[in-house]
Amino acid sequence: MATKLPETMRGQFLEAYKQPYQLCTVPIPEPSHPDDVLIRVDAASYCHTDYVLAEGQMPGFPNSFPHIGCHEFAGTIVSHSARPSPDAVRFKIGTRVGVTGRAFHACRECFECQGCKDPIAEDEKGYSVHCTRAENNGISKDGGFAEYAVVDSRQLAPIPDKLSAAETAPLMCAGITIYAALKRCQLGSGDRVAIMGAGGGLGHLGLQYATKMGFKVLGIDAADGPLSLARSLDTGARIIDARSEKAADVVQQLGVEDGKRDLGEKGVDAVIILPESQAAFDYGMTLLKSHGKCVVVSFPEAGFHMSSRDIVFRDISIIGSLVGSNRTLREMLNFSADHGIRAVAKSFPLSGLNTLVEDYHKGGGGKLVVDMSL
């Protein structure tokens, strides 16, 4: 066990739904399970799911109040449990790691842990991000909006030297989510992909990943701030204001550029739906070529209405995408480091979390991060 740790820490707690966070001082948690490690949190990123949870829109979660949110964070390992597992001891004291929210204490036994059939979410037998019995940092158990956190060593990914903790934290949910969604599109170099919500936290990362993967990219949004952010990235993606350009017109323009005559050949090969908006879903479906793929990432309370005609007569495939495996997580981190992909982020101190939430509701795009060094 590490020594010279303080006895207490500060954390931002939800004490009820629809209430501001409360900054409190509490005892530092201790790693008790063999797979547990204790990390000093260096940065913690705010996600739309944090808002959904705080509003009470995830029935049954958190398991209890008070609750520490955040499921995308980064930190430094400071101790192991008294009897660490082989997975835990692979991470030495002082190692910088990124932490995802999924699969805290994956059971090793359920059908997911015994063999996932999804290549994007597949890890070694005995662990799965889709474990049916696992908890989730920041959702069912405490997360990263605190100075220290207990995490599962099997969740972790070493941070490449080129990335700081504040740069890594947004990648632990936003980054892996959009990266996995792009992989599920199953595109080849030169294929076309559209990203609905291109100026948001996931979308602006998706523009960077998709262009570096060699795709022809359309970024669509419908608000001034996110559109400005998407255009500022200079990725080479075509940025479209959905308020002024109709999807059907964009399809015709792409058909001319690609030399296609038949309507079914015109448009994009895949579209990723990030906003919780029926209008965004409809716009994206219109952009698709026949036999195209619609990858749905968002989960609005009312769901989406989809046309059976699109599915049957145009042979559109609609699939969901949550996150990727730990293997995919590490691939994404190394890809980000090697290609200079970074979230456009604004940082706040831990004490400023409620100010961060206020900023989130302004809808400026990008990511908002608690930087513990501030």
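A: Helix α8 covers residues 278-287, and its buried residues are Ala280, Phe281, Tyr283, Gly284, Met285 and Leu287. In an α-helix there are 3.6 residues a turn, so residues three or four places apart point the same way. The N-terminal end of α8 is capped by Ser277, a side-chain oxygen of which lies 3.2 Å from the backbone nitrogen of Ala279. The model is a predicted one, and the distance of 3.2 Å at this cap is a computed value.

Helix α5, residues 201-212, contains Gln208. Gln208 counts as buried because its relative accessibility is 10%, under the 20% cut-off. Beyond its neighbours within four places in sequence, Gln208 is in contact with Leu233 and Thr235, and also with Gly340, Ile341 and Arg342.

Val52 belongs to helix α1, which spans residues 48-54. With a relative accessibility of 4%, Val52 is likewise classed as buried. Once neighbours within four places in sequence are set aside, its contacts are Gln57 and Met58. Between Val52 and Leu163 there are 29 Å in space, C-alpha to C-alpha, and 111 residues in sequence.

Most residues other than glycine have a negative phi, and most peptide bonds are trans. The peptide bond from Phe61 to Pro62 is cis, with omega near -5°, and Pro62 sits in the loop between α1 and β4 (67-68). The bond from Phe65 to Pro66 is also cis, with omega near -5°; Pro66 lies in the loop between α1 and β4.

Cys70, at about 95°, is located in the loop between β4 and β5 (72-80), and its relative accessibility of 0% makes it buried. Lys18, with a phi of about 60°, is in the loop between β1 (8-14) and β2 (22-27). Lys18 counts as exposed because its relative accessibility is 56%, which is over the 50% cut-off.

As for the annotated extent, an unreviewed UniProt entry lists residues 18-370 under "domain: Enoyl reductase (ER)".

Conventions. Residues are numbered from 1 along each chain as its sequence is written. This is a predicted model: local features need pLDDT of at least 70, side-chain atom pairs count only at pLDDT 80 or more; totals for chains, interfaces and linings use all residues. Side-chain values use heavy atoms; hydrogens and water are left out. Helices (H or I, at least four residues) and strands (E, at least two) are DSSP runs, numbered from the N terminus. Buried means under 20% relative accessible area, exposed over 50%, partly exposed in between (1.4 Å probe, protein chains only). Contact means heavy atoms within 4.5 Å. UniProt positions are given in the numbering used here, feature names are shortened, and annotations may be inferred rather than shown by experiment. A polar contact is a pair of N or O atoms within 3.5 Å; within protein, one must be able to donate a hydrogen and the other to accept it, and residues adjacent in sequence count only if both atoms are side-chain atoms.
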